Each structure stands twice: as structure tokens, then as C-alpha cells.
Amino acid sequence: GAVTISNTINGLPISNIGSNAFYPCTILTKAVIPTGIIMIDRAAFYRCAKLPSINIPPSVISIKAWR
């Protein structure tokens, strides 16, 4: 399925997608990242085998590497 990531929770801004946020979401086929997200932490989409690609908005300035 598809997921649209929110840029707010309870009216507060969200700026990061945390490490292992969607691990291991084996049914995820589309992820929409909104403008306002500035960082994607390591392995956020690790083992999302059915997710072919992600459009990353220009607001993202950091993508942490897996180590």
C-alpha cells in the first residue's frame, strides 16, 4: 500500500523520518514525503522490498547512511 507522511502531529511540525521508521514494511509500495521534512535517518525504509523509489523533496538536506 501507499503512505503519505504527515508534516505535523497534533499541530506540531515534523522535520525528520526516524531510523527504521518503516522497517520491515513488506507491503509498502509508495511513500510520499512532504515538503518540510529535512532529514531522513538511517534505514528509514530498510527492507521495504516492494518500494521501487521515493521522490525526495528539496527540503531534505540530510540522508543518514547505514553503518
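This report covers the fold, core, surface and confidence of a predicted model.

## Basis

Local features need pLDDT of at least 70, side-chain atom pairs count only at pLDDT 80 or more, and totals for chains, interfaces and linings use all residues. Residues are numbered from 1 along each chain as its sequence is written, and side-chain values use heavy atoms, with hydrogens and water left out.

## Fold

The protein chain has 7 strands and 0 helices, where strands (E, at least two residues) and helices (H or I, at least four) are DSSP runs numbered from the N terminus. The order of elements is β-β-β-β-β-β-β. The radius of gyration, taken over C-alpha atoms, is 11 Å, close to the 11 Å from the globule rule for 67 residues, so the protein chain is as compact as a globular protein of that length. That rule is 2.2 Å times the number of residues to the power 0.38.

Of the contacts (heavy atoms within 4.5 Å) with a separation of 6 or more, 35% join residues 24 or more positions apart.

## Core

Of the 67 residues, 28% are buried, meaning under 20% relative accessible area with a 1.4 Å probe, protein chains only. The largest nonpolar core has 13 residues; such a core is a set of buried Ala, Val, Leu, Ile, Met, Phe, Trp, Tyr and Cys residues joined through side-chain atoms within 4.5 Å. Ile-17, Phe-22, Ile-33, Ile-40 and Phe-45 touch the most other members.

Beyond four places in sequence, Phe-22 contacts residues including Val-3, Ile-17, Leu-28, Phe-45 and Cys-48.

## Confidence

The average pLDDT (the predictor's confidence in each residue, from 0 to 100) is 94. Strand β2 (residues 8-9) has the lowest mean, 92, and strand β6 (residues 39-40) the highest, 97.

Terms used: Buried means under 20% relative accessible area, exposed over 50%, partly exposed in between (1.4 Å probe, protein chains only).
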